[in-house]
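Dear colleague,

Please find below the sequence and structure that I am handing over to you. My account of what was found follows directly after them.

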Amino acid sequence: MVKRVITAVFFTAVILLGVFLQGIPMRILTLFAMVVGMYETYRALESKGLHPITWVGYLFCVVTAVLQYLKGSGTLPALEAVSVPMMSVTFAVTLGISVVILRGHVDFERLESTVFPIIYPGLFFTLMIAMQDVGSRYVALIALVLMFLAASINDVFALVVGLSIGRHRLSPEISPKKSIEGSIGGLIACILFAMAIPPVVGYVGTIIPAFAADTHLPPIWAFGLLGLFAGALSQIGDLAASLLKRHCGIKDFGTMFPGHGGMMDRMDGILFCTVAVALFFEFFVH
């Protein structure tokens, strides 16, 4: 347990540092997470006896990061009206299918194992990489904090409530330890956390001018709905990762984080939470 707590504190500290620095450090951090996540997913599928063409996934990671950097920096104006996540995923899926077909063999399992990681976790990571460019540094700070920490808040309170009063299993076949009571506790905590972040960041902006409020935000109750949606999706993300691990016959995706497992073991809920945050800021924050 001590090892798990120390790892969680270190992981959170690195994330917060990247969130506050933003810019190149944040881009490097998210690209690193994406590459490691793709590696762990491909390795999990290989343990199942599949043979994905892994270089397609790694090229996809680099192309996504480069295109998003060019768009965010304004270096390539033609990208302004383009969705980098959609462009890069379309490119990678097309490339993956083409490479498998050009081998000249009927090998659907290779096709499936090559393309699947581009969708999960690949697509989710592309949204994560794009979140830094969602608006000003003030808006990006709120979005990034919610994206990275809402899932962790949900996990912590779901665990505490589940251990205390959990009686009814949420998904016994996929993840036997999760309870409905813990799930509800995590959702409530996530709602309150999401509602608290805008005023907290607003206060930070009065101390650090770079994060000064410069954008009209939706009302606090809207952030409460975001917390509910993000918390629910983060729980789906946990179960999705568990489903993949059970299918591949592995306990953890890796050993990068002592007491937690690999990158995908830490990012599972965060990846799905990113979808909620990305949609919210895309449509309701200008």
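I begin with a proline: P121 is placed in helix 5, which covers residues 108-130. Please bear in mind throughout that this is a predicted model. The peptide bond leading from Y120 into P121 is cis, and its omega is near 15°.

Residues up to four places away in sequence aside, A240 touches Y120 and F272. A240 itself belongs to helix 8, residues 220-248. From A240 to L95 the C-alpha distance is 25 Å, and the two residues lie 145 residues apart in sequence.

The overall picture

The protein chain contains nine helices and two strands. In sequence order, these elements give the pattern α-α-α-α-α-α-β-β-α-α-α. Taken along the principal axes, the box filled by the C-alpha atoms of the protein chain is roughly 60 × 55 × 30 Å. For 286 residues, a compact globule would have a radius of gyration near 19 Å, and the 19 Å of the protein chain agrees with this. Of those 286 residues, 50% count as buried. Among the contacts in the protein chain with a separation of 6 or more, 74% come from residues 24 or more positions apart.

Helix 4 and helix 5

How do helix 4 and helix 5 run relative to each other? The axis of helix 4 (residues 84-102) comes within 10 Å of that of helix 5, and the two cross at roughly 165°. Since angles over 145 degrees count as roughly antiparallel, helix 4 and helix 5 are therefore roughly antiparallel to each other. Their crossing is right-handed. On the side of helix 4, the contact is made by P85, S88, V89, A92, V93, G96, I97 and V100. On the side of helix 5, the residues are R110, L111, T114, V115, I118, I119, L123, T126, L127 and A130. By class, this contact of helix 4 with helix 5 has 13 nonpolar, four polar and one charged residues.

Another residue of helix 4 is F91. F91 has a relative accessible area of 35% and is therefore partly exposed. Neighbours within four places in sequence aside, F91 is in contact with L59 and V63.

Helix 2 and helix 3

A second pair of helices deserves a description of its own. The axes of helix 2 (residues 23-47) and helix 3 (residues 54-73) come within 10 Å and cross at roughly 160°. That angle makes helix 2 roughly antiparallel to helix 3. The crossing of helix 2 and helix 3 is right-handed. Helix 2 takes part in the contact through I24, R27, L31, M34, V35, M38, Y39, Y42 and E46. Helix 3 takes part through T54, G57, Y58, F60, C61, V62, T64, A65, Q68, Y69 and G72. Sorted by class, the contact of helix 2 with helix 3 has 13 nonpolar, five polar and two charged residues.

Where is Q22 placed? Q22 is in the loop between helix 1 (2-21) and helix 2. Although Q22 is not a glycine, its phi is positive, at about 55°. In general, most residues other than glycine have a negative phi. Is Q22 buried or exposed? Buried means under 20% relative accessible area, so Q22, at 5% relative accessibility, counts as buried.

K3 is found in helix 1. With a relative accessible area of 55%, K3 is exposed. Residues up to four places away in sequence aside, K3 touches P258 and G259. K3 and P77 are 74 residues apart in sequence, and their C-alpha atoms are 47 Å apart in space.

Yours sincerely

Note on methods: Residues are numbered from 1 along each chain as its sequence is written. This is a predicted model: local features need pLDDT of at least 70, side-chain atom pairs count only at pLDDT 80 or more; totals for chains, interfaces and linings use all residues. Side-chain values use heavy atoms; hydrogens and water are left out. Axes are lines fitted to C-alpha atoms, for helices over the stretch in contact, and angles run from 0 to 180 degrees between N-to-C directions. Helices (H or I, at least four residues) and strands (E, at least two) are DSSP runs, numbered from the N terminus. Angles under 35 degrees count as roughly parallel, over 145 as roughly antiparallel, 65 to 115 as roughly perpendicular and the rest as oblique. A crossing is left-handed if the near helix is turned anticlockwise from the far one by less than a right angle, and right-handed if clockwise. Contact means heavy atoms within 4.5 Å. Ala, Val, Leu, Ile, Met, Phe, Trp, Tyr, Cys and Pro count as nonpolar, Asp, Glu, Lys and Arg as charged, and the others, Gly among them, as polar. The radius of gyration is taken over C-alpha atoms; the globule rule is 2.2 Å times the number of residues to the power 0.38. Buried means under 20% relative accessible area, exposed over 50%, partly exposed in between (1.4 Å probe, protein chains only).
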